[in-house]
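Hi everyone, thanks for coming. I'd like to walk you through a structure that may be new to you, so let's bring it up on the screen.

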Amino acid sequence: MKITNAYVNITSPGRNFVTLKIETDEGIYGLGDGTLNGRELAVASYLTDHVIPCIIGRDPFQTEDIWQYLYRAPYWRRGPVTMAAIAAVDIALWDIKGKALNTPVYNLLGGKSREGMLVYCHANGKDIEHALEDVAKHQEMGYKAIRVQSGFPGLASTYGVSKKPGRYEPAERGLPSEYEWSTEIYLRHVPELFARVRETFGEELLLLHDCHHRMTPIEAGRLGKELEPFHLFWMEDPTPAELQEGFKIIRQHTTTPIAVGEVFNSIWDAHDLIRNQWIDYLRMTLVHGGGFTHLKKVADFAELYHVRTGFHGATDLSPVTMAAALHFDTAIHNFGIQEHMPHTDETDAVFPHNYSFKDGIMTPGDAPGLGVDLDEALAAKYPYQRAYLPINRKLDGTLTDW
Ligand code: KDG
Ligand code: MG
């Protein structure tokens, strides 16, 4: 089998998605996701101008060799744009393999290790009362694990809470909007949020919280310790992770489990975190972490150190990544949990798919390959629209991590 053609599709059914389609001489095609929130066109150009010409004529079954070629040959390694482009190719090639062998991709990765995946959703509110209402709503929808975020008095905006009524979508059209931040206010109120959630919903519900890289390690250690009575499933991205040894400080102060890594793009972002057992869950996922070929090695390495996966699954990861993640989650031994932030109906229509949700569990379906498609005619009705993630400033105006 040979790759005969490949091209990038950019569509914006509510938000932007970059999809790579790879075609073969046997009429089978594969889809890969290359969406990088707020930097979509950079990945599209990387693929169109630099990658696609190098893969035409190759055997799509050679996923390892093609991955190494795209990673090592350009000399310039790693980085979110490069790794998202490599991921798009790799995901599409595994889709082709599955279709050619007439089997779901999970069978190529080890077969079923479980029947379905525990997923967590997002509940949020402009204050604690509204957050509690949203938790109740999501529990009624069947979720057994819920991430809870809330606005707090004195902060005009907070990560994870919609500024306007309706679905929370972090990227906003137009130029980046500005949010404000105070760690002091945040730390004062988060324990109260989780005390109220436990008081209202009891012990059984699995609770998660995303700190979105906003604390120093010692502040995160304090928060983790104060949240211990509420038994969180995890505290996510407590501090920026470029300095991996910062997590040692957090670990020394709390038994609250730690998840990190949605901005990671290779094993080298997590190597120390994993081998020192400073984290419990790794969030680096297929689209930003080089696809199946790289993530399988990372997950197997993490398994040796009791680290489980908790893949990023926000709306900026397209249905192609969601399908791919569910195949991956089905097969690996050290699966932990999968994030599920449902796409809009418009997005679901552009990407018809076989995966499904029921009673807090998701399954990838049994279609050959990934079980996801792209309706290109419908996609064409939603042209690309410039959009960015917000930026964040402390109350005195200092730019800080969003
Ligand atoms: O592109 C950035 C978003 O995906 C991110 O802000 C969402 O933190 C996030 C999460 O945990 O889903
Ligand atoms: Mg996050």
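Let me start with a definition: helices (H or I, at least four residues) and strands (E, at least two) are DSSP runs, numbered from the N terminus. Please keep in mind that this is a predicted model, where local features need pLDDT of at least 70 and side-chain atom pairs count only at pLDDT 80 or more, while totals for chains, interfaces and linings use all residues. Residues are numbered from 1 along each chain as its sequence is written, chains are lettered from A and ligands numbered from 1 in the order in which they are written, and side-chain values use heavy atoms, with hydrogens and water left out.

Let's begin with Asn-9, which sits in strand S1, residues 3-11. Is Asn-9 buried or exposed? Its relative accessibility is 13%, so Asn-9 counts as buried. Here, buried means under 20% relative accessible area, exposed over 50%, and partly exposed in between, with a 1.4 Å probe and protein chains only. Setting aside residues up to four places away in sequence, Asn-9 touches Phe-17, Val-18, Thr-19, Leu-374, Glu-376 and Ala-379. A contact, by the way, means heavy atoms within 4.5 Å. If you look from Asn-9 across to Ile-391, 382 residues apart along the chain, their C-alpha atoms are separated by 28 Å.

Next, the metal. Which residues coordinate the magnesium ion, ligand 2? They are Asp-210 through OD, Glu-236 through OE and Glu-262 through OE, at 2.0 to 2.3 Å. Donors are N, O and S atoms within 2.8 Å of the metal (3.2 Å for Na, K and Ca), and water is not among the atoms, so sites may look incomplete. Along the chain, the donors follow the spacing D-x25-E-x25-E. Glu-236 belongs to strand S9 (residues 234-236) and Glu-262 to the loop between strand S10 (258-260) and helix H8 (271-275), so this pair ties together parts that are 26 residues apart in sequence. Glu-236 and Glu-262 are both buried.

Now for some helix packing. The axes of H6 (residues 217-227) and H7 (residues 246-253) come within 8 Å and cross at roughly 25°. That makes H6 roughly parallel to H7. Axes are lines fitted to C-alpha atoms, for helices over the stretch in contact, and angles run from 0 to 180 degrees between N-to-C directions. Angles under 35 degrees count as roughly parallel, over 145 as roughly antiparallel, 65 to 115 as roughly perpendicular and the rest as oblique.

And the other pair? The axes of H4 (residues 128-140) and H5 (residues 183-201) come within 10 Å, crossing at roughly 40°. H4 and H5 are therefore oblique to each other. On the H4 side, the residues that meet H5 include Leu-132 and Val-135, and on the H5 side they include Leu-193 and Val-197.

Staying with helix H5, Arg-188 lies there too. With 55% relative accessibility, Arg-188 counts as exposed. The C-alpha atoms of Arg-188 and Val-372, 184 residues apart along the chain, are separated by 44 Å.

One last stop: Thr-158, in the loop between strand S5 (145-150) and strand S6 (172-173). At 6% relative accessibility, Thr-158 counts as buried. Apart from its neighbours within four places in sequence, Thr-158 is in contact with Ser-150, Gly-151, Phe-152, Tyr-179 and Trp-181.
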